[in-house]
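Here's a quick briefing to read alongside the model. Keep the 3D view open and find each residue as it comes up.

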Amino acid sequence: MSGNVRLLDDTLAAAKAEGRSALIAYLPAGFPTVDGGIEAVKAALEGGADVVEVGLPHSDPVLDGPVIQTADDIALRGGVRIADVMRTVREAHEATGKPILVMTYWNPIDRYGVERFTAELAEAGGAGCILPDLPVQESALWREHAEKHGLATVFVVAPSSKDARLAEITAAGSGFVYAASLMGVTGTRESVSSQAEDLVRRTRATTDIPVCVGLGVSNPAQAAEVARFADGVIVGSAFVKRMLDAPDAVAGVEAVRALAGELAEGVRGRV
């Protein structure tokens, strides 16, 4: 079975045709429970997100800040497994018809098996993977299997990336490019880094695929600011924080739905 890279491409193209950025939400699988996480992902999509990244919880994250680390710890203590991540992708996609990616560090895939992981993600209806710690020069095996199964390979670029490096990364990637707006870990911030716009400009000079910005966007005004120059606005910690701050799981899901609606207005410039 082929994955949904085409659906991802079409979704991002449709947002561009509407004259706006896409809204991409991030939520970890298994948080606060597997079932609760599935409901949260569906709520983000129903509330206004165009795409969702489902995080595969990891015990030793390098990109994730304290908010997502807390959620990952809850998921891991709850016993979340890769099978639960696949179930989250499947059920959220079946319920909404929207593209779902998995965001994961390389070690879990390496241990699970690249062929097995890509085949199962495609079978679940997944659109691809974001791989923040997989070097492009070591990605040939992954890309071979991802392409075979119709999955996007999204790489992360940072303000420190030189132009030649950007060209190397974007030539190998598909779906979109994840532009980290600053050096550091994920988290909500008072303002979006001024480096983000320059990074998008430099990245666009090397590729025709969409460039989406993450790290630091937490409210509609920031989403509107980033939407002026990026093809997509990625929001993670703000969604997770709404769930952590909620009095119970049901309220957490509704808080995710509400934030998605607010951010959807932001990427449309209605703030």
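E39 counts as partly exposed, at 37% relative accessibility (partly exposed lies between buried, under 20% relative accessible area, and exposed, over 50%, using a 1.4 Å probe and protein chains only). Its salt-bridge partner is K42, at 3.1 Å from N to O (a salt bridge is a side-chain nitrogen of Lys or Arg within 4 Å of a carboxyl oxygen of Asp or Glu). K42 counts as buried, at 17%.

This is a predicted model, where local features need pLDDT of at least 70, side-chain atom pairs count only at pLDDT 80 or more, and totals for chains, interfaces and linings use all residues. Residues are numbered from 1 along each chain as its sequence is written, and side-chain values use heavy atoms, with hydrogens and water left out.

**Salt bridges**
- The structure holds 19 salt bridges.
- E39 and K42 sit three residues apart in helix α2 (residues 34-47), so about one helical turn separates them (helices are DSSP runs of H or I with at least four residues, strands are runs of E with at least two, and both are numbered from the N terminus).
- E123 and R90 also pair up, at 2.3 Å from N to O.
- E123 is in helix α6 (residues 114-123) and R90 in helix α4 (residues 82-96), so this pair ties together parts that are 33 residues apart in sequence.
- E18 and R20 meet at 2.7 Å, N to O; E18 is exposed at 52%, whereas R20 is buried at 12%.
- D163, D198, R201 and R202 are linked in a salt-bridge network.

**Strand β8 and its neighbours**
- Strand β8 (residues 211-214) is covered on both faces: V211 and V213 are buried on one side, and C212 and G214 on the other.
- In a regular strand, side chains alternate between the two faces of the sheet.
- β8 pairs in the parallel sense with strand β7 (residues 177-180) over four bridges (two strands pair if DSSP finds at least two bridges between them).
- Two bridges join β8 to strand β9 (residues 232-235), also running parallel.
- C212 has Y178 as a bridge partner, and G232 in β9 as another.

**The nonpolar core**
- The largest nonpolar core has 88 residues (a core is a set of buried Ala, Val, Leu, Ile, Met, Phe, Trp, Tyr and Cys residues joined through side-chain atoms within 4.5 Å).
- Helix α12 (residues 249-267) gives the largest share of this core, seven residues.
- F239 is among the residues with the most contacts inside the core.
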